[in-house]
Amino acid sequence: IDKREGARSLGDMKLINSFLKVMNKLNSLPLHPNVCRLNGAFSSSSKLYMSLELCGPRTLFSRLLKRDSPQAGVESSRIATGAMRAVMRQLAAAVCHLHDVADVCHRDIKPENVS
């Protein structure tokens, strides 16, 4: 994150510091297979660097786009009900872990943030 462009105000810096506190709190709790970990963070005078766990090569959003895209040359098809059921179970388990164990509310759950 470029501190000069991405966080121009004191409020933005407070938001970044709050995010880092939450991620550090999550790292101190028991692991959950569906919650991303913060490997580390450091900053220079103008930038903040965060190393997050690599969670997968594709997001749920990209999978939905690829599967439903007629440009893919494949007949349009949806993700199988069983596969989507598994994704939703994992997502629900991760959210329950955040709420019940970490006392954290995600605030930005969307297909782009699900791997």
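Asp108 and Lys110 form a salt bridge in which the closest N and O atoms are 3.7 Å apart, a salt bridge being a side-chain nitrogen of Lys or Arg within 4 Å of a carboxyl oxygen of Asp or Glu. The count by this rule comes to one salt bridge. Asp108 counts as partly exposed because its relative accessibility is 36%, and Lys110 counts as partly exposed because its value is 34%. Throughout, buried means under 20% relative accessible area, exposed means over 50%, and partly exposed lies in between (1.4 Å probe, protein chains only). Side chains of opposite charge can pair when their charged atoms come close.

The structure is a predicted model, in which local features need pLDDT of at least 70 and side-chain atom pairs count only at pLDDT 80 or more, while totals for chains, interfaces and linings use all residues. Residues are numbered from 1 along each chain as its sequence is written, and side-chain values use heavy atoms, with hydrogens and water left out.

The protein chain has three helices and two strands. These elements are DSSP runs numbered from the N terminus, with helices (H or I) of at least four residues and strands (E) of at least two. From the N terminus on, their order is α-β-β-α-α. Of the 115 residues of the protein chain, 19% count as buried. Contact is taken as heavy atoms within 4.5 Å. Among contacts between residues at least 6 apart in sequence, 47% join residues at least 24 apart.

The largest nonpolar core has 11 residues in all: Ile16, Leu20, Met23, Leu26, Val35, Leu38, Leu48, Ala94, Leu98, Ala102 and Val104. Such a core is a set of buried Ala, Val, Leu, Ile, Met, Phe, Trp, Tyr and Cys residues joined through side-chain atoms within 4.5 Å. Helices α1 and α3 (81-101) each supply at least two residues of this core. The most comes from α1, which gives four residues. One of the core residues, Val35, touches Leu26, Glu53, Ala94, His97 and Leu98, when residues up to four places away in sequence are not counted.

The loop between α1 (10-28) and β1 (38-43) contains Arg37. Arg37 is buried yet has no salt bridge, and the nearest side chain of opposite charge, Glu53, is 5.6 Å away. For charge, Lys and Arg count as positive and Asp and Glu as negative, whereas His and the chain ends are not counted. A polar atom of the Arg37 side chain lies 2.8 Å from the backbone oxygen of Asn27. A polar contact is a pair of N or O atoms within 3.5 Å; within protein, one must be able to donate a hydrogen and the other to accept it, and residues adjacent in sequence count only if both atoms are side-chain atoms. Not counting residues up to four places away in sequence, Arg37 touches Met23, Leu26, Asn27, Ser28, Leu29, Pro30, Leu31, Ser51, Leu52 and Glu53.

His32 is also found in the loop between α1 and β1. With a relative accessible area of 16%, His32 is buried. Its side chain reaches the backbone nitrogen of Asn34 at 3.0 Å. Leaving aside neighbours within four places in sequence, His32 is in contact with Ala93, Ala94 and His97.

A further histidine, His99, is found in helix α3. His99 is partly exposed, with a relative accessible area of 39%. Apart from neighbours within four places in sequence, His99 is in contact with Val104 and Cys105. Cys105 counts as exposed because its relative accessibility is 56%, and Cys96, at 43%, counts as partly exposed. The structure holds zero disulfides, a disulfide being a pair of cysteine sulfur atoms within 2.5 Å.

The segment after α3 includes Asp103 and Arg107. Phi of Asp103 is near 55°, a positive value in a residue other than glycine. For Arg107, also a residue other than glycine, phi is positive and near 70°. Asp103 counts as exposed because its relative accessibility is 65%, and Arg107 is exposed with a relative accessible area of 73%.
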